[in-house]
Amino acid sequence: MPTTTPSSRQRRANARPRALRGPGLLLGAALFATGCATAPRTTPRELFQLAPESAAHKATQTRHFETRDSDELLSASAAVLQDLGFQVTESDRDLGFLRAAKERSAREYGQEIRRGIVAFLTTLLSAFGGGNAVVVLPVDLHQQINASLIAQPSREREGSHEVRIVFYRLVWKGDGSSGDTRIPPGEQRMLMIRDAEIYQRFFGRLQKSVFLESEKL
Amino acid sequence: MPAASARTSPLSSARRSLLLFAALIGLGACARPPAPPEDLLAPTEEQMRIRNLQTRVFDVSDRQLAMRGVITALQDLGFIIERANEPLGLVTAARFAEPRYFDVVGISVTVRPRGAGQVAIRANAIFNNEPITEPEVYQNFFATLERSLFIEGN
């Protein structure tokens, strides 16, 4: 035998304060509708304008090579990228374009140590305070280092070429948790590589390679 | 519709009409799917308006030279060249807006010869996968490109 009858169920439902139901619904609908009313996101008007640091970046990323053979220069650049562990993924001979990528682990000690400390402290906190406040920070797991290179005849100096390369990395994080919420893996971020030493290393090898080639002639 | 017997619990009229309503909605799934609009691939008003903004003609006779100028301009603006195809006159580049790495700007440039001693350069720019429609952005790009093409001041 059912303990509640349809009429008693109705009476229980009506026990909720009637006064709040109407305006509450209206408020909810109004808040929902404001989502439709927000202005469409516009793009920043300053896009495609030269930034002040553009000249400094250009200096780090560019070198001149005293060679007339553009094919040889491009081929030597591909060889240097291969030496550095890259896979050349795209190329265009007439414009002197190369694109390369390599994948590596992105784990680093600093992040792992920090993760351990935070997990330990939050475990203590939840042990004393009760509940589950354990935080396991996601750390960088995997990265892809990319390079994009253009080798063009130099416009300032006749008979020489200018090579400009840019290195950047995509980093993916692992998973973690915050209390009872699991943080799924795969958070991605992108970083330009601005460290001058990496560019110097690349150009040093390229210079040696081009010099050796020109010596053979 | 058989009348509810005394043994089964009688459906209230409100519940019955709700059930009927739900059944009608369910049957709607059997209807023919809506046909795609005929102008699905046609350019929108917005697209037609920005087409003029996106194209500019330059007094450069050599198409390859114009392409090199485009590449130099894009590199100076901090873009990463993603794809380049000289015979087709195509260059694609992208950049992330620093320090917030969530905004992506992409640009696809084509260089085509047009008449004697001229090339038409068309740039399609997107911001977070939506086409850019502000004229200032394209004016900025073509100003930088002009500087890059005519840097020798000839």
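**Close-up views of a predicted two-chain model**

**View 1. Contact between chain B and chain A.** In this predicted model, 29 residues of chain B are in contact with 27 residues of chain A. On the side of chain B that touches chain A, the elements giving two or more residues are α3, β2 (80–85) and α4 of chain B. Of these elements, α3(B) gives the most, with six residues. By residue class, the side of chain B that touches chain A comprises 14 nonpolar, seven polar and eight charged residues.

**View 2. Packing of helices α3 and α4 of chain B.** Two packed helices are described by the angle between their axes and by the distance between those axes. Helix α3 (residues 63–76) of chain B and helix α4 (residues 135–149) of chain B have axes that come within 8 Å and cross at roughly 120°. An angle of 65 to 115 degrees would count as roughly perpendicular and one over 145 as roughly antiparallel; α3(B) and α4(B) are therefore oblique to each other. The crossing in which α3(B) passes α4(B) is right-handed. From α3(B), the residues making the contact are B:Ala66, B:Gly69, B:Val70, B:Thr72, B:Ala73 and B:Asp76. Helix α4(B) contributes B:Thr144, B:Leu145, B:Ser148 and B:Leu149 to this contact. Five nonpolar, four polar and one charged residue make up the contact of α3(B) with α4(B).

**View 3. Architecture of chain B.** Chain B contains four helices and six strands. Along the sequence, the elements of chain B follow the pattern α-α-β-α-β-β-β-β-β-α. Of the 154 residues in chain B, 25% are buried. Among the contacts in chain B between residues at least 6 apart in sequence, 44% join residues at least 24 apart.

**View 4. Architecture of chain A.** Six helices and nine strands are assigned in chain A. The chain has 217 residues, of which 17% are buried. For contacts in chain A with a separation of 6 or more, residues 24 or more positions apart account for 60%.

**View 5. Confidence along chain A.** The average pLDDT of chain A is 83, and 78% of the residues score at least 70. Within chain A, confidence is highest in strand β2 (residues 87–92), at a mean of 96. Confidence in chain A is lowest in helix α1 (residues 6–14), where the mean is 53. Where pLDDT is low, predicted coordinates should not be read in detail.

How values were computed:
Residues are numbered from 1 along each chain as its sequence is written. Chains are lettered from A and ligands numbered from 1 in the order in which they are written. This is a predicted model: local features need pLDDT of at least 70, side-chain atom pairs count only at pLDDT 80 or more; totals for chains, interfaces and linings use all residues. Axes are lines fitted to C-alpha atoms, for helices over the stretch in contact, and angles run from 0 to 180 degrees between N-to-C directions. Angles under 35 degrees count as roughly parallel, over 145 as roughly antiparallel, 65 to 115 as roughly perpendicular and the rest as oblique. A crossing is left-handed if the near helix is turned anticlockwise from the far one by less than a right angle, and right-handed if clockwise. Two residues are in contact if their C-beta atoms, placed from the backbone, lie within 7 Å. Ala, Val, Leu, Ile, Met, Phe, Trp, Tyr, Cys and Pro count as nonpolar, Asp, Glu, Lys and Arg as charged, and the others, Gly among them, as polar. pLDDT is the predictor's confidence in each residue, from 0 to 100. A residue is buried if 20 or more other C-beta atoms lie within 10 Å of its own, exposed if 12 or fewer, and partly exposed in between; C-beta atoms are placed from the backbone.
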